[in-house]
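Subject: Structure handover

Hello,

My notes follow below it.

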Amino acid sequence: MKILIIITGSVGCYKSLDLIRECQKKSIDYDVIATKNTFEFISRLLLETICNKQVYSELFDLDMEKKIGHIKLARDNSNIIVYPATANIISKFANGFCNDLALTCMIAANKPIYFAPAMNKEMWANPIIQNNVDYLKKIGHQFIGPDDGSLACGEYGSGRLVDPGEVLNQLK
Ligand SMILES: Cc1cc2nc3c(=O)[nH]c(=O)nc-3n(C[C@H](O)[C@H](O)[C@H](O)COP(=O)(O)O)c2cc1C
C-alpha cells in the first residue's frame with residue numbers, strides 16, 4: 001500500500017504530521033501534497049523534515065511536470081486521503097475545480113478519494129457543504145469523520161478531524 005496524503009489549510013493540519021509518523025511506524029509508503037494555504041499553518045521545513053522527502057505543492061513545477069507529475073502522483077499511490085479536508089477543497093473538488101496541484105491530481109485520479117473533514121461545526125452543517133459531501137459520496141468517494149467534540153474555535157460539535165490511527169484502519 002502506498003498512500004497519497006493531501007494536506008489542506010485547516011487548523012487541524014498539524015495532525016497530518018502524526019499521520020505521516022504513523023505511516024512510517026507501520027512501514028506504509030506515502031507521497032505528500034500540501035496546498036499553498038497549508039504553509040500558513042505549518043512550515044515547509046517542519047513538514048519536509050517529518051516526511052523525510054519532498055512535499056509537492058506547485059502545479060507548475062518544471063522538474064515534476066517534465067514527467068507529468070500530477071498524473072504520476074495520482075497513479076503511483078493505491079489510496080488517496082485528504083487529511084485534513086477543508087470545506088474549500090471538498091467544494092472545489094465536488095464542482096470540478098482543478099486550479100492547484102492537489103485538485104488537479106484529485107480530478108485526474110482513477111480511484112475513490114478518502115476525505116477526513118476538519119472544520120467549524122457550522123461550516124460542516126452548512127447545506128452547501130453537505131450537498132457537496134452528499135454528491136461526492138454518491139459518486140463513490142469516502143468520508144472518514146468528522147468526529148463530534150471540542151473544536152479549535154472553542155465551540156463543541158461535529159467537525160473534529162479523526163485521529164490518524166482511525167484513518168489508517170479504514171484504509172486497510
Ligand atoms: C486560523 C484559521 C483556521 C482555519 N481552519 C479551517 C478549518 O479547520 N477548516 C476549514 O475548512 N477551513 C479553515 N480555515 C479556512 C481555510 O484556511 C481557507 O478556506 C483556505 O482557503 C483553505 O485553502 P485550501 O483548501 O486550499 O488549503 C481556517 C482559516 C484560518 C485563518
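Helix α1 gives way to S27, a residue with a positive phi near 55 degrees. This is a predicted model, so please read every value below as computed from it. S27 is not a glycine. Its place is the loop between α1 and β2.

N52 is a second case. Its phi is positive too, about 65 degrees, and N52 is not a glycine either. N52 sits in the loop between α2 and β3 (55-56). With 8 other C-beta atoms within 10 Å, N52 is exposed.

Two peptide bonds are worth checking in your set-up. The bond joining Y83 and P84 is cis, with omega about -5 degrees. P84 belongs to strand β4. The bond from G145 to P146 is also cis, and its omega is near 10 degrees. P146 is in a loop, the one between β6 (142-143) and β7 (147-150). For context, most peptide bonds are trans, and most residues other than glycine have a negative phi.

Back to α1, which covers residues 15-25. Which of its residues are buried? They are K15, S16, L19, I20 and C23. Viewed down the helix axis, these buried residues fall within an arc of 155 degrees, so they line one face of α1. Several elements cover them, including β1 (2-7), β2 (29-34) and α2 (44-51). β4 (79-85) and α9 (164-171) are also part of that cover.

Helix α5 runs over residues 87-94, and A94 lies in it. Is A94 buried, partly exposed or exposed? It has 18 C-beta neighbours inside 10 Å, so A94 counts as partly exposed. The cut-off for buried is 20 or more. Beyond its neighbours within four places in sequence, A94 is in contact with N132, Y135 and L136. N131 is 37 residues from A94 in sequence, yet their C-alpha atoms are 9.2 Å apart.

Last, the chain as a whole. How many helices and strands does its secondary structure come to? There are 9 helices and 8 strands. The chain has 172 residues and a radius of gyration of 15 Å; this agrees with a compact globule of that length, which would have a value near 16 Å. Along the principal axes, the C-alpha trace spans about 45 × 30 × 30 Å. Of the 172 residues, 39% count as buried. Among contacts with a separation of 6 or more, 74% come from residues 24 or more positions apart.

Best wishes

How values were computed: Residues are numbered from 1 along each chain as its sequence is written. This is a predicted model: local features need pLDDT of at least 70, side-chain atom pairs count only at pLDDT 80 or more; totals for chains, interfaces and linings use all residues. Helices (H or I, at least four residues) and strands (E, at least two) are DSSP runs, numbered from the N terminus. A residue is buried if 20 or more other C-beta atoms lie within 10 Å of its own, exposed if 12 or fewer, and partly exposed in between; C-beta atoms are placed from the backbone. Two residues are in contact if their C-beta atoms, placed from the backbone, lie within 7 Å. The arc is that of the directions from the helix axis to the C-beta atoms. The radius of gyration is taken over C-alpha atoms; the globule rule is 2.2 Å times the number of residues to the power 0.38.
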